[in-house]
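This report covers the pairing of charged side chains in the structure shown below.

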Amino acid sequence: MILAPLSALALAAGLIPAATGTAVPYDTAQATVSAGRVAGVVSNVGSFGFDLTTGLAAWSEGFEYPRGSGTRPFFPIGLWVTGQVGGVERAAICEYVSEFRPGPVLPGGAFAPDDPAYTVYRAARKDTTGWAAWVARGGPLGAPLDSAGDAPLVRGNVSTWAVYNDADPSRHVPHSGLEPLGLEVRQTTWAFDEAGPRGGAILFRWEILERGTATLDSAYVGLWADPDVGGRADFVATDSANGLAYNYDLPGTDAVYGTAQPAFGLRMTRGPRVPPGGTDLGVTSIATYVNGVDPATPQECARLLRGLRVNGTPYVDPATGAPTRFPFSDDPRTGVGWLDANPADKKFVLGSGPFTFAPGDTQVIDALLIVGQGADRIASIDSLYGTALADYDAPAVDPPPPPGPAPRGLEAAPSPARGPVALRFASRAGVSWRLDAYDVRGRAVTAVAAGEGTGATVVATWSRPPSLASGVYWILLRQGEERMARPVVLVQ
């Protein structure tokens with residue numbers, strides 16, 4: 001957990017109250033979800049993948065892929081909710097700045113004053129650091145606990161939890177309207193520390209409670225994203241059957257990932273239920289727009305969540321001539337059909353609704369942030385689907401702890417690499433070791449080296465086979481019962 005300085009951007013916009021004296025408001029509490037191939041910053045005001053403490057001055061620091069590579073694409077995502085009170089549209093939006101503030105909503109619809117308990121709680125399955133705070137301080141606020149009620153309910157291998165609300169009118173800005181919706185949001189974020197498909201995802205659960213005094217009619221929930229794949233010009237594709245939208249790169253090579261450009265996506269796996277606890281609405285629309293044509297009013301935000309353009313006009317399927325709420329709905333892997341043909345700095349938002357959100361109601365939304373990377377931009381879409389459709393209900397598996405003291409970590413450099421990759425680790429005397437390379441699907445690629453440990457540092461070289469395509473590969477170190485892996489990005 002981090003209590004960091006305020007964002008200069010947010011202060012300038014007047015969206016985060018300035019500190020009094022030398023106190024630091026708890027608005028800026030952040031933690032990192034880091035497991036598998038992904039790592040991202042999560043805050044206690046709803047943002048993910050965007051460091052609110054530094055703002056646009058360090059826009060690339062909020063999300064890293066592959067984890068440990070130092071490669072940091074820009075990937076903020078956020079929760080949107082819209083609804084009408086007396087026929088007037090209201091919205092609560094989280095983008096680069098958030099209209100939410102930390103803490104719950106008090107009886108009567110007021111927001112709670114700042115409190116150190118309204119931070120980001122983090123817990124890992126095999127590390128009890130942070131467990132006591134999660135239970136003692138987070139538990140009374142709604143942080144999920146195990147069946148005994150004395151330990152965090154850790155989903156995946158590592159989880160975070162925070163509570164925030166939109167009840168402070170000063171946090172709202174004109175493009176969403178200045179009237180709060182009265183929402184309290186309890187957010188759990190988790191990841192799997194695995195080399196397989198689940199290691200390419202970060203999972204979210206938003207438990208949204210209507211704590212206001214007015215019923216929201218024609219309510220919608222939205223998941224917004226601004227991914228940039230190696231650069232700001234990308235394509236968008238949508239898959240209504242799987243509740244999925246994703247960005248993929250242009251043909252050729254980019255300066256970040258070479259020819260092995262990843263694909264980034266969001267999949268909603270559980271939408272609002274009508275009535276609460278009833279039928280899952282799923283994803284009812286996906287809208288996309290270009291940077292600079294952003295919504296400027298609550299009505300324009302609501303249009304996007306209804307599957308319309310910002311100006312209110314519908315998308316039209318060129319094959320049928322009929323309006324549709326899912327643009328660019330054909331599969332880029334086939335190369336035919338309705339595909340995005342205009343690369344630009346694209347954003348997209350998944351919408352689900354309408355539903356009636358009455359005081360006292362609760363809706364639970366589940367989603368995946370997914371990353372796939374293959375030898376090229378099209379192969380990366382294959383990898384993205386493998387991650388999107390993986391079995392996330394299966395329990396997380398932790399490797400057995402190594403006997404004796406842990407050795408120094410495995411190092412692999414450079415990455416991205418065009419030539420040989422240098423591997424270093426501290427061997428343990430009298431313990432056999434071996435290094436092997438695997439692709440992202442867990443298939444063995446090459447044996448690298450093996451030997452008997454002497455207690456000294458081992459330096460080995462992985463020379464790329466000529467037939468090996470660009471993409472992400474994993475170097476696995478086996479040393480006795482210990483397993484340690486590091487990703488390496490190969491480019492042409």
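## Asp436 and its partners

In this predicted model, Asp436 and Arg478 form a salt bridge, with an N to O distance of 2.9 Å. The two residues come from distant parts of the chain: Asp436 belongs to strand β25 (residues 432-439) and Arg478 to strand β28 (residues 471-479), 42 residues apart.

Asp436 also meets the side chain of Arg434 in a salt bridge, at 2.7 Å from N to O. Asp436 has a relative accessible area of 6% and is therefore buried, because the limit for buried is under 20%. Both arginines fall in the partly exposed class: Arg434 has a relative accessible area of 37%, and Arg478 is at 24%.

## Asp294 and Lys347

Another salt bridge joins Asp294 to Lys347, and their closest N and O atoms are 2.6 Å apart.

Asp294 counts as partly exposed, at 28% relative accessibility.

## Salt bridges in the whole structure

Side chains of opposite charge can pair when their charged atoms come close. A search of the whole structure finds 14 salt bridges. Some of the residues involved form a network: Arg101, Asp114 and Asp168 are linked by salt bridges in this way.

Terms used:
Residues numbered from 1 in each chain as written. Predicted model: local features only at pLDDT ≥ 70, side-chain atom pairs only at ≥ 80, totals over all residues. Heavy atoms only, no water. Salt bridge = Lys/Arg side-chain N within 4 Å of Asp/Glu carboxyl O. Buried < 20%, exposed > 50% of the residue type's maximum accessible area, 1.4 Å probe, protein only. Helix = DSSP H or I, 4+ residues; strand = E, 2+ residues; numbered from the N terminus.
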